[in-house]
Amino acid sequence: NLNDSGTGSLRAALSASGPRMVVFEVSGTISLGSELNIQNPYVTLAGQTAPSPGITLKGAPLRLRTHNVLIQHIRIRVGDSSGGSSPDNRDGFSIDAKGVYNVVVDHVSTSWAIDENANTWYEQQDVTISNSIISEGLKNSLHSKGAHSMGMLIGDNAKKNTFKGNLLAHNHERNPLFKGGASAVVLNNIFYNPGTGWITQFNDDYNSGASLASIVGNVYLQGPNTPSSATAIYVGYKCKTGTKIYQADNK
C-alpha cells in the first residue's frame, strides 16, 4: 500500500529480515515522514511490479546500509516541504555505511534533494549505479550552507564503483565528485547543464589516498547555466600521489 508505515507498507517490507522481494499491487506516491532505511541484506526492491505510473517517494531519503541489494524502477522526489527529514541530510538516495557491497541501483530517478541527489559514504565496494536519472538538485532551498544543488558524491575509499548509462542534468556541481581513495568506472553517461566550472571532479580533502578511475564514452553538454570555460574532468590539487585517471572517447 502507500502508507508510510505499518502492515503492507514499503517501510515494513524493507525493515523485514531474510531474503525477500518487494512487489507492489498499487501505484502512487508514498509520503515519508522520516528516512526510509534498508539495513537487512538480500532484498530486491522491484518498483517495476507497480501498475502505471509506478511508485514515487517524497519527503525523505532512501538510505541503504547493508549488502546484496537490488533497487529498480523507483522515483524519488524529495522536495523541501516543512515535514520530512533534516534538510541538511535530505538526500535522494544514500548508500552510507561501512562494509556495504554488492549493491545495484538501476532505472531509478532521483530529483529535488536539498543535499545530494545521490551519494555513497564510507568504505564500500562493488556498487553499481546504472540507467538512472540524477537531476535538478534544489539550489536555493533549506540547506544551512545556502545555495547547494549537488548531483552525485562518491565517498572516501569507496572501491570498484560502476557508474554507467546515467543522465545527470541541472545539478550545479558534483557530477559526480569522487573523494580520496575511491576507485570507479564512469562509462557512457550524459552530463548536461552543470552550473560550475568543473563537472566530473576528483579531490581528497581528508587525505584518504590515491584515486583510480576509468572515464570512457561519456558526453558532456553545456546548458544555459554552464560557464563557457567549464572543464569536463577536473583532478583537484588535493589529490594524492598515485592518483591515476584514464580517459578515452569522451565528447
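User: By class, how many nonpolar, polar and charged residues are in the lining of the largest cavity?

Analyst: One note before the count: this model is predicted. The lining of the largest cavity has six nonpolar, one polar and one charged residues.

User: How is such a space found, and which residues surround this one?

Analyst: Start with the general idea. Rolling a probe the size of a water molecule over the atoms shows where empty space is left. Now the case here. Leu62, Arg63, Leu64, Ile71, Phe93, Ser94, Ile95 and Val105 line the largest cavity. Two strands, β6 (62-64) and β9 (93-95), each supply at least two residues of that lining.

User: What volume does the largest cavity have?

Analyst: About 40 Å³. The structure holds one cavity of 30 Å³ or more.

User: Next, pockets. How much space lies in the largest pocket?

Analyst: The figure is about 490 Å³. Its lining counts 26 residues. Nearest the centre of the pocket lie Glu116, Trp121, Leu153, Arg174 and Lys179. β12 (116-120) and β21 (198-202) are the elements that give two or more residues to this lining.

User: How do the residues of the pocket lining divide by class?

Analyst: Eight are nonpolar, seven are polar and eleven are charged.

User: Glu116 and Arg174 both carry charge-class names I know. What do their side chains form?

Analyst: The general idea comes first. Side chains of opposite charge can pair when their charged atoms come close. Here the side chains of Glu116 and Arg174 meet in a salt bridge, at 2.2 Å from N to O. The pair links distant parts of the chain. Glu116 sits in strand β12, while Arg174 sits in the loop between β17 and β18, 58 residues apart.

User: Are Glu116 and Arg174 buried or exposed?

Analyst: Both are buried.

User: How many salt bridges does the count come to?

Analyst: Eleven. One of them joins Arg65 to Asp96, at 2.9 Å from N to O. Arg65 lies in the loop between β6 and β7 (69-72), and Asp96 in the loop between β9 and β10 (100-106), so the pair ties together parts that are 31 residues apart in sequence.

User: Why does Asp96 count as buried, and how does Arg65 count?

Analyst: Read the relative accessibility. Asp96 has 13%, so it counts as buried; the cut-off is under 20%. Arg65 has 28%, so it counts as partly exposed.

User: Which residues are joined with Arg65 and Asp96 into one network?

Analyst: Salt bridges that share partners join Glu35, Arg63, Arg65, Asp91 and Asp96 into one network.

User: With which residue does Asp204 form a salt bridge?

Analyst: With Lys240; the closest N and O atoms are 3.2 Å apart. Asp204 is in the loop between β21 and β22 (212-216). Lys240 is in the loop between β24 (231-235) and β25 (244-248). The two are 36 residues apart. Asp204 is buried, with a relative accessible area of 2%. Lys240 is partly exposed, at 26%.

User: How many bridges join β17 to β20?

Analyst: Three bridges join strand β17 (residues 167-169) to strand β20 (residues 190-192), and these run parallel. Leu167 stands opposite Ile190 in β20.

User: Why is strand β15 described as largely enclosed?

Analyst: Five of the five residues of β15 (residues 150-154) are buried, so the strand is largely enclosed by the rest of the structure.

User: Which strands does β15 pair with?

Analyst: β12 and β15 pair in the parallel sense over four bridges. Met150 in β15 is the bridge partner of Glu116. Two bridges join β15 to strand β18 (residues 177-178), also running parallel. There, Ile154 stands opposite Phe178.

Methods. Residues numbered from 1 in each chain as written. Predicted model: local features only at pLDDT ≥ 70, side-chain atom pairs only at ≥ 80, totals over all residues. Heavy atoms only, no water. 1 Å grid on protein atoms, 1.4 Å probe; cavity = no way out; pocket = protein on both sides within 12 Å on 5 of 7 lines; lining within 4 Å. Points joined across faces, edges and corners; volume = space filled by probe spheres on them. Nonpolar A, V, L, I, M, F, W, Y, C, P; charged D, E, K, R; others polar. Pairing = 2+ DSSP bridges. Buried < 20%, exposed > 50% of the residue type's maximum accessible area, 1.4 Å probe, protein only. Salt bridge = Lys/Arg side-chain N within 4 Å of Asp/Glu carboxyl O.
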